[in-house]
Amino acid sequence: MKKFILIVFILLAKNVFAQTDFSNQDTIPSPWKKSLEAGANINQSSFSSNWKGGGVNSIAMGLVLDGRLLYESNKISFDNIIQLQYGMVKNDKAIYRKTTDKIFIDSKLGYRLTDKWNAYVSVNFLSQFAQGFKVTKDSLDRESQQLISRFMAPGYLTSSMGLEYKPVNYFWLRFGVGSFRNTFVTDTTLYKNVPQNYGVPIGKKVRNELAFALTANFDKDIAKNLHLYTRYTMFANYENLKAIDSRLDLTLSAKVNRYINVNLTATALYDQDQDYEIQYTQMLSLGLLYRFSEFDPKK
């Protein structure tokens, strides 16, 4: 199944480039559109030892890079997305802690069946940059760290094929009836701190699953200088439909001026291979943002 999806993906990709005519770029609008967002934020505070208002010395920083490259013709579409995020915070003498850490790459080839329906094949990858730790304290209030994640532990590579419903440019819904996911845990000692080992059998480095995948995506300006991006993914293993994975990512961006943005990001995750409770994270940041886009955010 996985090899079949990749073969279809490659053949359609060759068709995309074959249909692109680069000889008349000055007179014919390009079928390619692209966008790029790059941002950085830093927060710092310090207090004298006799500051009666109280407080903790701290420093925090975050980096974000989002990019998109889209090809569209009458029948073929080729959509590519990359999202990179990393942030850290340090309070006084405490250990550095991550605030966000994400690597996400998604490529989708679509073939138009009707005005609103496409057949598609896709490949996406999800992991993180750096080591993740669980911070604990002993009876003397001393902090210690337990390694619970790192790059490719876990890492997810998902290939999918099915139907896509796209009634408008800013919203689409994918029904991946044939989806194949590889879950990687390249650190074979991680299970000592994470007993579930992210669903990978202890002593192994990869687990393969065949499943149904549902993905919904919304990306639009919802008001002047206010942009909402949200993506929901459901993954249902055909061998165990009682344990369905769900992930919701949300980014709300408010533009202060040309280069300064306020961003609210949040993620909610339910995955029994990681934890039997819902996991969530949220971050509010103010920082510099460079944005270039050939997409109309209102459509």
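The accessible surface of the protein chain amounts to about 17500 Å², and carbon and sulfur atoms account for 59% of that surface. The model is predicted. Its protein chain has 299 residues, of which 37% are buried.

**Overall fold**
- Of the contacts in the protein chain between residues at least 6 apart in sequence, 55% link residues that are at least 24 apart.

**Nonpolar cores**
- In soluble globular proteins, nonpolar side chains tend to be buried together.
- The largest nonpolar core here is made up of ten residues.
- Its members are F104, L126, L147, A153, Y156, V185, L190, V194, Y198 and V200.
- Another core, of six residues, lies apart from the largest one; W32, Y71, L109 and V121 are among its residues.

**Residue T267**
- T267 belongs to strand β13, which covers residues 260-270.
- T267 counts as buried because its relative accessibility is 17%, and the cut-off for buried is under 20%.
- The side chain of T267 forms a polar contact with the side chain of D249, at 2.8 Å.
- Leaving aside neighbours within four places in sequence, T267 is in contact with R247, L248 and D249, and also with Q279, Y280 and T281.

How values were computed. Residues numbered from 1 in each chain as written. Predicted model: local features only at pLDDT ≥ 70, side-chain atom pairs only at ≥ 80, totals over all residues. Heavy atoms only, no water. Buried < 20%, exposed > 50% of the residue type's maximum accessible area, 1.4 Å probe, protein only. Contact = heavy atoms within 4.5 Å. Areas by Shrake-Rupley, 256 points an atom, 1.4 Å probe, with all protein chains shown as cover. Helix = DSSP H or I, 4+ residues; strand = E, 2+ residues; numbered from the N terminus. Polar contact = N/O pair within 3.5 Å; in protein donor to acceptor, adjacent residues only side chain to side chain. Core = buried A, V, L, I, M, F, W, Y, C linked by side-chain atoms within 4.5 Å.
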